[in-house]
Amino acid sequence: MRISLQEAASLLNLGDVVAIPTETVYGLAARFDLPESVEKIFKIKNRPRQNPLIMHLDSCEKIFPFMPKEPPHFSSLANEFWPGPLTLVVPIDPQMIPEVVRAGLPTQAFRIPSHHLTQELLRLTGPLVAPSANLSGRPSSSLPEHVESDFGAVFPVLDGGACQKGVESSILIFDGEKWVLGRLGAIPSEAFGSILGYVPALSICDKAVCPGQFFRHYAPKAKLHLEKNLEGAKCIIGFSDRNYPMSSQKILWGASNDPEGVLFRLYDTLRKVDLEGIEEVWVDCDIPDEGLWSTLIERLKKAAH
Ligand code: TXA
Ligand code: MG
């Protein structure tokens, strides 16, 4: 059910859960300071309780009171990428954030989203925690229709249209010494190099530091094959500027020089495959493992797992 900004703010302030738009994907939001409301998110999504949530705020200044010590480069990363699709995980004062939000960890993930509706909403509600608005393990939601398909037509959705990026934020975790990548996302990792002086490595994390890496993600019901050679494939997800075998069914998600466009259509395409009842699909993975293509490859590997 599509609701107005005022309705979304009232529901959230009363302790309800509401789907909200961001520039990356839709989120399933609750006020961070109402633990019983946060509990509802885990139930609705069927999310493992050990998987912590990102806190969304309307300005960076509001993060400082939670953080006893500002990690190096925190402010330069914030100035460069916020508001926008970056999440920073930092050590916090655990007494200031309910345990259910951070899954008992002594750290917290923060993000300042740029979507204008959610910016306005955050001014009316204060900080909101929000995981992606999808059933746990399934493709994320880049359109309000995706949220309704997962949670039902009466679920309250603040309609912000199609999410601009269509893929989740990049996550950087401060490990006490350096920043490491907790998740590839809408910002290519190479972009962090000029600020940090090094390109952050993808963290080979243990469960205690990045629990999210250990759960099933983004997966459609269809079986995905990630291939460079597509001879004999019955159904192909591929690029509009390439030729594929005549006999195959083709689903085209954009040009092979446009990773942003392909990521924008990623979750809608995976969801359509299921809606059309396709059981097995071959994805053209003849792409370089760099920049935003690496984000696509990472999502597909998890989705195919
Ligand atoms: O773009 C996004 O980030 C979207 C929008 C709605 O903001 N949110 C999102 O949330 O993708 P979620 O919950 O689907 O993914 C957040 C990831 C999870 O893998 C979680 O494990 C990780 O962030 N995370 C959250 N808090 C963490 C922490 N304290 N330490 C390490 N990883 C954390
Ligand atoms: Mg998610």
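Reply: A crossing is called right-handed if the near helix is turned clockwise from the far one by less than a right angle, and left-handed if it is turned anticlockwise. The model is a predicted one, and in it the crossing of H1 and H5 is right-handed.

Me: Why are H1 and H5 called oblique to each other?

Reply: The axes of helix H1 (residues 5–13) and helix H5 (residues 116–125) cross at roughly 40 degrees and come within 10 Å. Angles under 35 degrees count as roughly parallel and 65 to 115 as roughly perpendicular, and H1 and H5 are therefore oblique. Among the residues making the contact are Leu 5 and Leu 12 of H1, with Leu 117 and Leu 124 of H5; by class, this contact has seven nonpolar, three polar and one charged residues.

Me: What makes H8 and H9 roughly parallel?

Reply: The axes of helix H8 (residues 259–275) and helix H9 (residues 291–304) cross at roughly 20 degrees, and because angles under 35 degrees count as roughly parallel, that is the term for H8 and H9. Their crossing is left-handed. Residues that meet include Leu 263 and Tyr 267 in H8 and Trp 293 and Leu 296 in H9, and the contact has 11 nonpolar, one polar and two charged residues.

Me: Why does Val 199 count as partly exposed?

Reply: Val 199 has 48% relative accessibility; since buried means under 20% and exposed over 50%, with partly exposed in between, Val 199 counts as partly exposed. Val 199 lies in the loop between helix H7 (193–196) and strand S11 (223–227).

Conventions: Residues numbered from 1 in each chain as written. Chains lettered and ligands numbered in written order. Predicted model: local features only at pLDDT ≥ 70, side-chain atom pairs only at ≥ 80, totals over all residues. Heavy atoms only, no water. Helix = DSSP H or I, 4+ residues; strand = E, 2+ residues; numbered from the N terminus. Buried < 20%, exposed > 50% of the residue type's maximum accessible area, 1.4 Å probe, protein only. Axes fitted to C-alpha atoms, helices over the stretch in contact; angles between N-to-C directions. Parallel < 35°, antiparallel > 145°, perpendicular 65-115°, else oblique. Contact = heavy atoms within 4.5 Å. Nonpolar A, V, L, I, M, F, W, Y, C, P; charged D, E, K, R; others polar.
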